[in-house]
Amino acid sequence: MKIAVLPGDGIGPEIVAEAVKVLKALGPTFDLEEAPVGGAAYDLSGHPLPPATLELAKSADAILFGAVGDWKYDTLARELRPEQAILGLRKHLALFANFRPAICYPELTAASSLKPEIVGGLDILIVRELNGDIYFGQPRGIRTSEHALFKGAREGFDTMHYSEPEVIRIGKVAFEAARKRSKKVCSVDKANVLETSQLWRDVMTKLAADYPDVELSHMYVDNAAMQLVKAPKAFDVVVTGNLFGDILSDEAAMLTGSIGMLPSASLDKNNKGLYEPSHGSAPDIAGKGIANPLATILSAAMMLRYSLGMTGEANRIEKAVQTVLQQGLRTADIYTEGTQRVSTVQMGDAVVAALA
Ligand code: IPM
Ligand code: MG
């Protein structure tokens, strides 16, 4: 099994090192091949997604990704910024289905900014479309306005679109996922304003006929943002487009106490995938040894389950994570009084010890 290991920027290298440590401790030998990505790759070779890194990602059975981005690259031309690495990988590898679970661990309920009764036992899954929408729509750019009132002024523009087959393929993923859970899908759009969303809603409604055992509901994205903090447990699977999914998945993640706990998977149609923590590169805490490696370790577990068919090993990692939480070990982001504060490396070591 060949795994491409792409640590990236900020806390990326620190948290990926802990996930690699856990993978190595499992027993089976993986062929782990590392390559630079994001700002780190730009510094080395002048491009955030060098051809050799893309080739490695294409040839691997799965990709373990850290995070990319740092303020120091904000002034670069857009195509050279670290974010283009992750967007490029998603697009080049046709990773269109993004799974972002938001689970509130019982031990961490107190770390949430919401009341325990609102978030306790929360377990929802956001299925975000990852290859389309305004993220990749053409045309886009900055031009001179033709608008009656603002004629001659500079204006930025982007294009939102979704074709029927794109909505169908992500819809199927969401319905299939719901079948393995509580059999409820909430499709989130802005059909009261956007044509793209009107088509999205029509296609989802039609598709639902193929899944009579799954209950489909629709919700406008602004209301969904509100319901997520009001009564998040009313959701099960949420399916939505690239932009709305970006926003709602950060919101959902924070319900659980810390975004530092949440893994994610981005899959193609054959379940080949890229696995990364839901959080970003956090350059403000990079190199301090305080980042939470659990989201990346749990992403490695998702990788074993979805792309490598190693369910037993995936379960072992997830159980080990539960064990360290029960032992009261906490990185700074999930620390509450009465628990034991540990470093990134100590947390990784504890997970390895708990595997045994
Ligand atoms: C995410 C991130 C990315 C996105 C950025 C880094 C391009 O926010 O994975 O949610 O917007 O998709
Ligand atoms: Mg995001």
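These legends go with a set of views of one predicted protein model.

**View 1. The whole protein, from end to end.** Start by getting your bearings: the protein has 12 helices and 14 strands. Its C-alpha trace spans about 65 × 50 × 40 Å along the principal axes. How does its radius of gyration fit with that of a compact globule? For 356 residues such a globule would come out near 21 Å, and the protein, at 20 Å, agrees with that.

View 2. Buried residues make up 52% of the 356 residues here. Now think about who touches whom: of the contacts with a separation of 6 or more, 75% are between residues 24 or more positions apart. As for charges, there are 36 positive and 43 negative ones, and their mean positions are 2 Å apart.

View 3. Domain 1 is made of two stretches of chain, 1-96 and 268-356, while domain 2 covers 98-261. How many residues does each domain bring to the contact? Domain 1 gives 21 residues and domain 2 gives 23 residues. The C-alpha centres of the two domains lie 23 Å apart.

**View 4. Histidine 92 and its neighbours.** You'll find histidine 92 in helix 4, which runs over residues 83-92. Leaving out residues up to four places away in sequence, histidine 92 touches Leu49, Leu54 and Lys58. Look for alanine 57 too: it is 35 residues from histidine 92 in sequence, and the two are 9.8 Å apart, C-alpha to C-alpha.

**View 5. A cis peptide bond at proline 139.** Most peptide bonds are trans. Here, though, glutamine 138 and proline 139 are joined by a cis peptide bond, with omega about 0 degrees. Proline 139 sits in the loop between strand 5 (123-129) and strand 6 (141-144).

**View 6. Alanine 94, with a positive phi.** Most residues other than glycine have a negative phi. Alanine 94 has a positive one, near 50 degrees. Where is alanine 94? It lies in the loop between helix 4 and strand 4 (97-103). Alanine 94 counts as partly exposed because its relative accessible area is 34%, which falls between the cut-offs of 20% and 50%.

**View 7. Asparagine 271, another positive phi.** Asparagine 271 isn't a glycine either, yet its phi is positive, about 65 degrees. Look in the loop between strand 11 (263-267) and strand 12 (273-277) to spot asparagine 271. With a relative accessible area of 39%, asparagine 271 is partly exposed.

Terms used. Residues are numbered from 1 along each chain as its sequence is written. Chains are lettered from A and ligands numbered from 1 in the order in which they are written. This is a predicted model: local features need pLDDT of at least 70, side-chain atom pairs count only at pLDDT 80 or more; totals for chains, interfaces and linings use all residues. Side-chain values use heavy atoms; hydrogens and water are left out. Helices (H or I, at least four residues) and strands (E, at least two) are DSSP runs, numbered from the N terminus. The radius of gyration is taken over C-alpha atoms; the globule rule is 2.2 Å times the number of residues to the power 0.38. Buried means under 20% relative accessible area, exposed over 50%, partly exposed in between (1.4 Å probe, protein chains only). Contact means heavy atoms within 4.5 Å. Lys and Arg count as positive and Asp and Glu as negative; His and the chain ends are not counted. The place of a charge is taken as NZ of Lys, CZ of Arg, CG of Asp or CD of Glu. Domain bounds come from an automatic or database domain assignment.
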